[in-house]
Structures are given as structure tokens and as C-alpha cells.
Amino acid sequence: MKDANGISFQLLLGPEDWEAAVAAEGATGDTGDIVWDGRQGAVLLAAEIKTFPPRSGAVVLGPEDRRGADVDCFGNWYWIDSDARAIQTWRPGQTASEFWHADLLDQQPCPPTDGSFADSAPAEPAFADVRLSGLAVTARHNLIVGTQAPNGLLVFDLHGSGPPVFRRWSDDMDIDVFDMTPAQNSATWLLDRGNTANPAMLWQLDARLCLTSFAGEQTLPAPPRADFFNKETGPEPVIAQSRPLGLDLSVSSAGGLAGATDAVAVAGLPDNTVLVLDAPVGLPSRILRYGSDGLLSAVVLDALLLDKFETPPAALQGHDVAFVTNPATAPGRIDGTLLLVDVQGDQALRFDVTSGAFVEGGTGDYTLSMALSDDYIPLRRFEGRGIVTNAGGVYYDIGETWVELTAHPRRRRRTEGSFRTPLFDATQPGTHWHRCILDGCIPPGTSTTISIRAADDPAMLAGLVFEPLPTPYRRGEGSEIPFWDPYPGSDPARATGTFETLVQSARGRFAQLEITLTGDGSVTPKIRALRLYAPRFSYLEHYLPAAYREDRVSASFLDRFLSNVEGLFTSMENRVADAYGLWDTRTVPAEALDWLAGWLGATLEPGWDATRKRLFVENAELLFRWRGTPAGLKALIDIATAPCPDATLFDSLRSGQPLEPDNARRGVRLSEDYTRRTRLAASAETSDLLTGWTTDDNSGAVHIAFEAFALARRGTDLAGLAAAWARPLVAGAVQFSPLLPASDGEREDWLAFTDGPIGFRYAAATRDSAPAWQSFLARRYAAPDRIASAHGLTGPGVSPYDLPVTLPTAGAYLKDWIDFVSEVLPEAQGAHRFVVLAPVDPGEDANTRDSRIAEIARVVEHERPAHTAFEVRPFWSLFQTGIARLGVDTTLGEGARFTAIALGRSALGEGFVGYGHPYSVTDRTVVGRNAAGEVRL
């Protein structure tokens, strides 16, 4: 890219450029003083983790302080008490209480399963010395707790309640559970720390709480052959038996990685591998990754990994770990956060963990990459029970409550750091480098200094001294690139923007910059992009006589002085040269979109973002062409309300087929009421009361059907109907009035009959309908005498345009009247009136819904045809049989009177007090969450 003077620049932008510059040789200061921060998209001074000050009388935590703890999907917390004899429970807002005590343990039979558990408990069990160790809540909502003396598992059904089931390990599989953590497919990892006689072991329980064979199986000795002999089939076959094997954590890997020597905690990974915290006393802890093949990789938490500390510890000793998976992790890979609490119990460390894909039984990238985050996460009065993952967060215990680990907002940073850029190549020897421009932030109390060196031979650069450039100043007019703002809406007081400095006298084809960032320990400069311009466009050389260049010293000063003016003029010239970009919706600045729309005579909605404004201007020709039509109005509403609008909203308008398909299930819809009712045809189907009746028949069937309907609806006889209608009635003489009756009782029955049982649309005609009736007859017959002849109206004082007093008997008169009330009158009553149906998501906030409806109303009011009237309703307000089309105009969710009351936001009578199903429970199928045929474990 070149400016108006033909001067080009070379750019550093993005992680590939900046990471290479920060890691290049020649950087001064301590390693890691300057880092690339992907979240902020800038290079800055590295953060330091504040070290929690030591407390007087602090006690170092040990494995004996660990208490198994977990939380269920309803928010109930469970943990083992300090005596290891009881289970405590707590729910936010309540007081902790005892959930269960070992004194309640009775003899619980255990049916044989896979050989892992004994067939039954001892005949005379001694549970006085039983201790609890390790606790977890499974995906099937079982609370499992490990026991010691005897060793086994307690299984609580948190759905069904009741006493626990005690499952004692068989004698040859005596597992001493210390820690538990969830695994994939509703399984659970078990950690046995071992002892002086037995190594640490890792086991896995499946969803049925039986040991799995993830680490292989052991074949057991064959049982003796049965004495029974069948003459036909021979002797009973001997069935070989086997049992699952645990994974020995002490075994070294094939690559020479040493196994665990003191495993204290486990954390499951989403690929059915597991992280084990190995914390030998007096040595740095290690994070080991195990799979079915054994030890896969290891990371030592030594000083090299902890270089972000103000004072890096010589040996970090871990107490417990928890892993949280990144929701956007690609399948088969590891990407998440590992939280670790040290034995001091004052501070937690957050590691960003990544790894290659793991292929069970095959080859894969097992290397575990851990990067220490600079978050400062202090713990307050941590009692050492452990840390627990819950709903994407990690919690620790304070007394008898559990709180989330939260990073402290204040951070410490390095005070100074330097780095050198890669070589810039101007392609021409002797190039006079022009100016250096930075996009970034230089807060008060910080500084950014730039030095340069240049030469025609890159090999000579190493021996040259960097020449300092003037301190960069913030450009008041923004970026030198026309119509581009690197920091839209930035506050000038925050010193964020574009900074410029002039290169003094550096000449040569190749150049290199050295950039030094200086901070005060709490804030840091941030550089997002760097542009180095060359060659210099000199006003002295292009516009002034040669006499001004005779003296070298004064010419150098004048050249640099005129560069200030050149910078201002070049910016203006660039904007003039690039003015064509203002007419392109892809490049026009957001603040100029309203101006561009003004050239089209359009006014944009003030609340629209830049994307919606660009879409409107880009497709203005289509919107103007279809303006006033349902398709054009809908497209404009979609621009205003679609969550992520794009050019596909106008595909139907471009194709000339603006009608959306019948199976469209989302988005705003326009509804005209009179087009939704069934019209009467010559062979129209009717209700059971008028089976087979058409306008070719006599109207007597209608009167009979109306009388039968009214009597059945009232549940009375003719006398009772006469009382309800407030007029005398004769059997067989009840007449269906062609007009809406005046009596309240008769009007109710008449409206109920025409709303359904009559079998076709019958509009409520009144005396006010006379002009429409006259207009209809005039269009159909053109002359009064033809009307009278067709309708059989004769006699003095009879006008062929009068509304019928009684329903016409038959013939053209009856057909004309039915056509009028079923087609003409509904259209006259409903024409030029339409309803806009706004989509509503189930569970959507009422304020959000009302705001969207109000925005739609503003757009429609501005764009509708002047002769029309409208109203905006949510989809569910028209969820009525005969009006709405199921699945097209409706969505299953809340209704007008079926919404859950929210305390402080809902009015009485607007909904009901309901209980939402716990969607976090995964062991059952839930309507609205699970697809048809999906199996949830």
C-alpha cells in the first residue's frame, strides 16, 4: 500500500510477526520481559504473579487434610467431615448439616457383579472403625464414597434417597480409595495412593459402578470341573474367568519418564486420559498424564515454569488439582485450564493446558503443554478439603461453605523490556527511511522509545549502534491510513490511538528497530501494529530550490522541519485520493454510513450497528424496489431484528421470488387475517350439521342446523331458548338471521354458529355493511333491473340494493349473499390490516422481547403503505386453531397465559408458579433437550 506521494510502508501485525520479534535474538533484559498477548492483540510488558505474603503460624497442608468433596447438578455440596466418619451437606443460602453418619451403616448385601466386589458383607461386620476417604457425584446422580476398614464403596441414590448400599471390595482386590474424579462416558477414576508394601494404583469404574478393564485384565485360575456329566452334551464346560487390572502409577514410561512416587490427586481429561498430581515431599510436584498404555507425558512444576512469579519458588508442592475443559475444544484434543493449589493453601495457580490428539490403542501426540497464567488467585481461610469443578468454575471450601476461585483484578508487571524487530528491506541501496508509526496505547507514567540502525549490507547491522528516535507523539487526527480507525470509539484521555515519530538520518537498504517499553509496575504500553515508511518524500528536494540544500547542516534541519508539514498535507491528500472508499459499503467508515444513506434519501435507525447499516445501504435498491410490499417490509424487519444479519436476507428479493417457503420456521412473518380463513366454493365441505349442503340447495337446512345447534349449546328446550333470546319462538320456525342479531342471547349463539359449525367463513354483516353490499351487486350485475330479476324482488318500495331481512331461500339471491359474507365482506373488513408476528424464544427475558417488538413497530410504522394499519404480536399470541399454522407461525414455548412468574418482574394473573426441570441431569431423556432416539447416559 502506498500513500499519495507513492511512499510505501512495511508492517508488523498479528501473532506471527510479533512473536517472532519478541523471540528474536538480541532482546535485552530478562527472558520474557516482553510478551505477545493474544487476548489484547498487542505486545506488552509481561505480567508477574503476586506472591501471597506468608502468614504467621500458617500450617502446611498434607494429604491427611484432604476431604473428598463434590457437588450435584442441583447445587448441593457434599464432603467428608474431619473425623472421616460422616458426610456433610450444604446448599447456598442454608446452613451445613449432616447428610449421613457411619454409625448408621448396616449390613448391606452386595450381589456378585464382575468379581470386583464380595458376594456379601461379612456375617458379623465390624463397622466401628470404618473411615471414609474419597467422594464423588457420578453422572447418573449417585453419590459414591470410599471406605477404609473395611475397604469398599458406599453408593447413595440421590434421586431415590434411602440408605446407602455398601459394596465391599473382594479380598483379592482390596482397593484403598483416596481420591475420585469423573471420567468420560459416565465413568469415574479412583486413586489408590498405595503404601510401603503396595504401589499407587489407578482404577476406573464404569457407569454401573463396576471396575473396567481400561488397563487390561488378569486371567484367574480355572475352577474345578463339575462332577455332573450329561450323556448328550458331555461334561459341563469350564468357563475361564478374569478380573480387571489397575494401572500401576509407579511404572516408568517406555521413553524413560519416571512414574509417580507420591500421587495425591487426579483430574480426568475429555479423551479418557487422566492427570495425576505427583507431590513427593521436598521435591517439585509433577503433572503426569496417564492412559490405558501407562505414563504418556510429564511436566515438572519447577522454577522454569514459574518464571512469572515475583520471586519464583524453588520447588512448588501441590495439594490438589482440577481441570476445566474449554467448551470450544476440537474433538480428540486437549484444551483447557488446570487449577492447582499448593500446600501453603494461600494461593491457586492457573495453567493453560493443551495437547495433541490422543488415539486409544494407537499413536498420537501425548505431549502436555502447560503455560502459567498471570492471574493472581488468593485463597481465604482455605481448610484444605480440596478444590471442586462445578459448571465451568472451580470452588474451594471456607469453613462449611464453598466459594469460587476468583482472580484478583490488580496485576503486577515488569517495569522494562526491549526487543528488536526483524530486518526491514526497502529494496533500494541508500534508502532514507521516513517515519515510524505505532498503533497502540501508551498510558501516563509509561513510555515507548524507538531506536533504528540501517545499512546496505545486512551483515554490517550487527556492528552498528542503534540511533534513538524522537519520542512518539499521539496523532490528533488518528491513523495516517485514510478512513481507518484502529481503536474505534477510544477515549483520547486513555492515550490509545496512533503514535508517530520521524526517522532522523538512518540510510541504507536494510533497517532494524529496537523498541523499549517502560512501565511503572502496574500498567504497561501496548503496541498493536507498527508501520515503517520508506523512502522519505522530501519537500526540500521536490519543491524548494537547490540553494536550500547547499549547506548540509541547515538542509538536514529544514528537511526534518518540513516533514511536519508534509505529514499533515499527506494525510489530507491521502483522504482525497481515497475518497472513492466512501462510496463503497465495504470500506466506508461506520460514522459515514448515515451520510451515505442520505444520498439515497434514506434515514437509518439510530440504534442500528454498523453491520445493519451497511446491509441497508448495500441493498437499498432492492429495498426501494420492493418497498410497501410484504416481502420488502419483511426484509427490512429482518435487518433490524436478526441476531446475525447478512446478505442472504435478500436472496429471495434478488431472485424475484420474494415469497418464503411454507416450511420456514423462524423469523418475522406478516399475516393478513382475511386470507387465513377458508373460503366457500361451489362444493364447499360443511360441518356435520350441514353435511353436503352447498349454495345450490335450499337454505332451510341452514335454519334447521342453527336451531339444533342453539338448543344443544344452551342445553335446553325451545321455551328456554326463547327466554334466552327474549322473543317468542315456534317449533320448526327458528330462522338463521343473515345479519348479526340485536338480542344479546341470540347474538352469542349466532356468533358461535358462524365461528365453526356453519362450516365456512360467514362474516358478521350489519346495517353498516349496506354500502359494501350495494357495491358488490353493482359490480356483478351492472343494472338494478338485472338484480331484481335474478333475486326475484318485485313490488312497490322494494330496492334491489337493500340488505336481506331473512336468509334468501335459494337461487342466485342465496349464492350472491353467501359470496358476499364469505369473500367480499371479510376482505372489506380485513383488507389493509395486517399483523406482524415476532419470533419469541422460550425463556426469553420479557424486557428483551418487549424491546424487539417495539423496534419492529418503529420500522413497520416508517415503511408501511400509508393506507394500512398494523399491530405487532409475538408468535404465541396467534397460536389458535384456524388462524395460525402449526410449526410455521408458532413455536413451542411460553404462551400468553402460560409463562412462569418471575419475582419482581411479573404481574399476578400473567402466568403460573412453575418448577423447571433440572436440565443438568443427564441420566434421563428430557423433552426439549434431547433429540428423538438420542440416548443419554
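Which residues in α9 meet which residues in α11? This is a predicted model, and in it Val702, Ala705, Phe706, Phe709, Ala710, Arg713 and Arg714 are the α9 side of the contact. On the α11 side are Gly745, Glu748, Asp749, Trp750, Ala752 and Phe753. Sorted by class, eight of the residues in this contact are nonpolar, one is polar and four are charged.

Two packed helices are described by the angle between their axes and the distance between the axes. For α9 and α11, the axes come within 10 Å and cross at roughly 110 degrees. Angles of 65 to 115 degrees count as roughly perpendicular, and α9 and α11 are therefore roughly perpendicular to each other. Their crossing is right-handed.

Phe753, one of the α11 residues in that contact, also has neighbours elsewhere. Leaving aside residues up to four places away in sequence, Phe753 touches Leu689, Leu690, Val702, Ala705, Phe706, Phe709, Phe736 and Ile758.

Next comes the nonpolar core. The largest one has 37 residues, and those with the most contacts inside it are Phe736, Phe753, Tyr762, Trp773, Trp817 and Phe820. At least two residues of this core come from each of α9 (700-714), α10 (718-725), α11 (744-754), α12 (770-781) and α14 (811-830). The helix that gives the most is α14, with eight residues. There is also a second, separate core of 34 residues, which includes Phe483, Leu582, Leu593 and Phe616.

Another helix pair involves α12. Its axis and that of helix α13 (residues 784-791) come within 9 Å and cross at roughly 95 degrees. That angle makes α12 roughly perpendicular to α13. From α12, Trp773, Leu777 and Tyr781 take part, meeting Arg786, Ile787, Ala790 and His791 in α13. By class, this contact has five nonpolar residues, one polar and one charged.

The last stop is a strand residue. Ser297 is found in strand β24 (residues 294-300). Is Ser297 buried or exposed? Its relative accessibility is 6%, and buried means under 20%, so Ser297 counts as buried. Not counting residues up to four places away in sequence, Ser297 touches Leu257, Ile287, Leu288, Arg289, Tyr366, Thr367 and Leu368.

Notes:
Residues numbered from 1 in each chain as written. Predicted model: local features only at pLDDT ≥ 70, side-chain atom pairs only at ≥ 80, totals over all residues. Heavy atoms only, no water. Core = buried A, V, L, I, M, F, W, Y, C linked by side-chain atoms within 4.5 Å. Buried < 20%, exposed > 50% of the residue type's maximum accessible area, 1.4 Å probe, protein only. Helix = DSSP H or I, 4+ residues; strand = E, 2+ residues; numbered from the N terminus. Contact = heavy atoms within 4.5 Å. Axes fitted to C-alpha atoms, helices over the stretch in contact; angles between N-to-C directions. Parallel < 35°, antiparallel > 145°, perpendicular 65-115°, else oblique. Left-handed = near helix turned anticlockwise from the far one by under 90°. Nonpolar A, V, L, I, M, F, W, Y, C, P; charged D, E, K, R; others polar.
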